[in-house]
Amino acid sequence: EPVTAIFRDVVRIGFGQRRKMLIKLLRRRWPDQDWDGTWASLGLAATVRAEELSPSEFARLALVLAGV
């Protein structure tokens, strides 16, 4: 899956429901992802919400999910 499509999915999912932890929303789309490792590699707390991420953090998250 192209990184741009993953980026769009992450942003759409993250902002699709207000005031939810991003991990809970993204686990539905990527259930096999090592989320503890993902958050740690990005330097983010597991409790982060979409509105707390910068555009570059969304891009880095998409790259990790794409396996780049």
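I take a salt bridge to be a side-chain nitrogen of Lys or Arg within 4 Å of a carboxyl oxygen of Asp or Glu.

**Entry 1. Basis**

I note that this is a predicted model, in which local features need pLDDT of at least 70 and side-chain atom pairs count only at pLDDT 80 or more, while totals for chains, interfaces and linings use all residues. Residues are numbered from 1 along each chain as its sequence is written, and side-chain values use heavy atoms, with hydrogens and water left out.

**Entry 2. Overall fold**

I looked up the secondary structure, taking helices (H or I, at least four residues) and strands (E, at least two) as DSSP runs numbered from the N terminus. The protein chain has 4 helices and 0 strands, and its pattern along the sequence reads α-α-α-α. The radius of gyration, taken over C-alpha atoms, is compared with a globule rule of 2.2 Å times the number of residues to the power 0.38. I find 11 Å for the protein chain, close to the 11 Å that the rule gives for 68 residues, so the chain is as compact as a globular protein of that length. The C-alpha trace spans about 30 × 25 × 20 Å along its principal axes.

I then turned to contacts, which are heavy atoms within 4.5 Å. Of the contacts with a separation of 6 or more, 56% are between residues 24 or more positions apart.

For burial I use relative accessible area with a 1.4 Å probe on protein chains only: buried is under 20%, exposed is over 50%, and partly exposed is in between. Buried residues make up 34% of the 68 residues.

**Entry 3. Salt bridges**

I count 3 salt bridges by the rule above. Side chains of opposite charge can pair when their charged atoms come close.

I find arginine 12 bridged to aspartate 9 at 3.2 Å, N to O. The two residues are 3 apart in helix H1 (residues 3-16), and therefore separated by about one helical turn. Arginine 12 is exposed at 53% relative accessibility, whereas aspartate 9 is buried at 14%.

Aspartate 9 also meets arginine 29 in a salt bridge, at 3.1 Å, N to O. Arginine 29 belongs to helix H2 (residues 22-29) and aspartate 9 to helix H1, so this pair ties together parts that are 20 residues apart in sequence. Arginine 29 is partly exposed, at 31%.

I list arginine 19 and glutamate 51 as a further salt bridge, at 3.2 Å, N to O. Arginine 19 is in the loop between H1 and H2, and glutamate 51 is in the loop between helix H3 (35-42) and helix H4 (55-66), so the pair ties together parts 32 residues apart in sequence. Arginine 19 is exposed at 56%, and glutamate 51 is partly exposed at 41%. Through shared partners, salt bridges join Asp9, Arg12 and Arg29 into one network.

**Entry 4. Nonpolar core**

I searched for nonpolar cores, each a set of buried Ala, Val, Leu, Ile, Met, Phe, Trp, Tyr and Cys residues joined through side-chain atoms within 4.5 Å. The largest holds 19 residues, and those with the most contacts inside it are Val10, Leu22, Leu26, Trp30, Trp35, Trp39 and Leu61. H1, H2, H3 and H4 are the elements that give two or more residues to this core. Leaving aside residues up to four places away in sequence, valine 10 touches Leu26, Trp30, Phe58, Leu61 and Leu65.

**Entry 5. Aromatic rings**

Rings of Phe, Tyr and Trp (its six-membered ring) pair if their centres lie within 6.5 Å; planes under 30 degrees apart are stacked, over 60 edge-to-face, and the rest tilted. I find 2 aromatic pairs in the whole structure. Phenylalanine 15 and phenylalanine 58 have ring centres 5.9 Å apart and planes at 40 degrees, so the pair is tilted. It links helix H1, with phenylalanine 15, to helix H4, with phenylalanine 58, 43 residues apart. Phenylalanine 15 is partly exposed at 45%, whereas phenylalanine 58 is buried at 4%.

The rings of tryptophan 35 and tryptophan 39 have centres 5.6 Å apart and planes at 40 degrees, so this pair is tilted. These residues are 4 apart in helix H3, separated by about one helical turn. Tryptophan 35 and tryptophan 39 are both buried.

Lastly, I checked for a charge over a ring (NZ of Lys or CZ of Arg within 6 Å of the ring centre and within 35 degrees of the ring normal). The charged end of arginine 29 sits over the ring of tryptophan 30, 4.5 Å from its centre.
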